[in-house]
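Please walk through this protein chain with me. Keep the sequence and the 3D view side by side as you read.

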Amino acid sequence: MFLKIINENTILVLFMMIGFALRKSDSLNSSRMEGLSKILTNVALPAAIVISLQTAYTPELLRKVLVTLFITMIVVFGSYMFALVMTRLFHIRHFEKRVWLGCCTFSNLLFIGLLLAPYMVQKVS
C-alpha cells in the first residue's frame, strides 16, 4: 500500500513539474488554456471516472457501498440538523442562513465557496 501511495504521488509531482516547465517555456499560455480545459473536462475527467468504476462485482463490494451510503446519509443529515440548530441559536436569517446550511452540510463547499462568497453576496444585495 505504501508503495502505491508513493507511486501515485510521484506521478502527480511529475505532472506538476511538466506543467510548470510548459508554462515557464510559454508552450502553455493563456490562449491554449481554453482548449486544454475543454479536453480535460469533456474527455479526461469522464474517462477517469469510468476507469475508476472498473471493478469486479462482489457481494462484499455491494455491502461496503451500502454501508458507506448509509453512513454518508447519516453524516449529511446530522450536519444539516446541526447547522439548522446553529442558525436558530445565532439568529442567522435569509440568504446567510442558506449559505450557512450549505457550508455546514457540505463542508467541501466551504473551500470553493470562500472564493465565490463575496461575489454572491454582492449580487444578492
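The paragraphs below go from the whole chain to single residues.

This is a predicted model, in which local features need pLDDT of at least 70 and side-chain atom pairs count only at pLDDT 80 or more, while totals for chains, interfaces and linings use all residues. Residues are numbered from 1 along each chain as its sequence is written, and side-chain values use heavy atoms, with hydrogens and water left out.

Start with the fold. The protein chain has five helices and zero strands. From the N terminus on, its elements read α-α-α-α-α. Helices (H or I, at least four residues) and strands (E, at least two) are DSSP runs, numbered from the N terminus.

Next comes confidence. pLDDT is the predictor's confidence in each residue, from 0 to 100. The protein chain has a mean pLDDT of 80, and 85% of its residues reach 70 or more. Among the elements, α3 has the highest mean, 91. Helix α5 (residues 108-124) has the lowest, 55. Where pLDDT is low, the predicted coordinates should not be read in detail.

Now the surface. The protein chain exposes about 11000 Å², and carbon and sulfur atoms supply 74% of that area. Accessible areas come from the Shrake-Rupley method with a 1.4 Å probe; for residues, only the protein chains shown count as cover. Of the 125 residues, 9% count as buried. Buried means under 20% relative accessible area, exposed over 50%, and partly exposed in between (1.4 Å probe, protein chains only).

Which residues make a nonpolar surface patch? They are Tyr57, Leu62, Leu66, Leu69 and Met73, and the patch covers about 540 Å². Patches are made of residues with over 30% relative accessible area and no salt bridge; like charges are joined within 9 Å, nonpolar side chains (Val, Leu, Ile, Met, Phe, Trp, Tyr) within 5 Å. Met73 is in helix α3 (residues 59-89). Met73 counts as exposed because its relative accessible area is 54%.

The structure holds one salt bridge. A salt bridge is a side-chain nitrogen of Lys or Arg within 4 Å of a carboxyl oxygen of Asp or Glu. Here Arg63 pairs with Glu60, and their closest N and O atoms are 2.8 Å apart. Both residues lie in helix α3, three residues apart, about one turn of the helix. Arg63 is partly exposed, at 46% relative accessibility. Glu60 is partly exposed too, at 37%.

Move along helix α3 to Thr87. Is Thr87 buried or exposed? Thr87 is buried, with a relative accessible area of 0%. Contact means heavy atoms within 4.5 Å. Beyond its neighbours within four places in sequence, Thr87 is in contact with Ile92, Lys97, Trp100 and Leu101.

Lys97 belongs to helix α4. Lys97 is partly exposed, at 24% relative accessibility. Not counting residues up to four places away in sequence, Lys97 touches Leu84, Thr87 and Ile92. The C-alpha atoms of Lys97 and Ala83 are separated by 8.9 Å, although the two residues are 14 apart along the chain. Arg98 is in helix α4 as well. Arg98 is exposed, with a relative accessible area of 58%.

His91 sits in the loop between α3 and α4. Its phi is near 55 degrees, a positive value in a residue other than glycine. His91 is exposed, at 60% relative accessibility. His94 lies in helix α4. Phi of His94 is near 50 degrees, again a positive value in a residue other than glycine. His94 is exposed, at 68% relative accessibility.

Finish with Thr105, in helix α4 (residues 94-105). Thr105 counts as buried because its relative accessible area is 10%. What does the side chain of Thr105 reach? It reaches the backbone oxygen of Leu101, at 2.7 Å. Leaving aside its neighbours within four places in sequence, Thr105 is in contact with Val76, Ser79 and Tyr80.

Definitions and conventions. A polar contact is a pair of N or O atoms within 3.5 Å; within protein, one must be able to donate a hydrogen and the other to accept it, and residues adjacent in sequence count only if both atoms are side-chain atoms.
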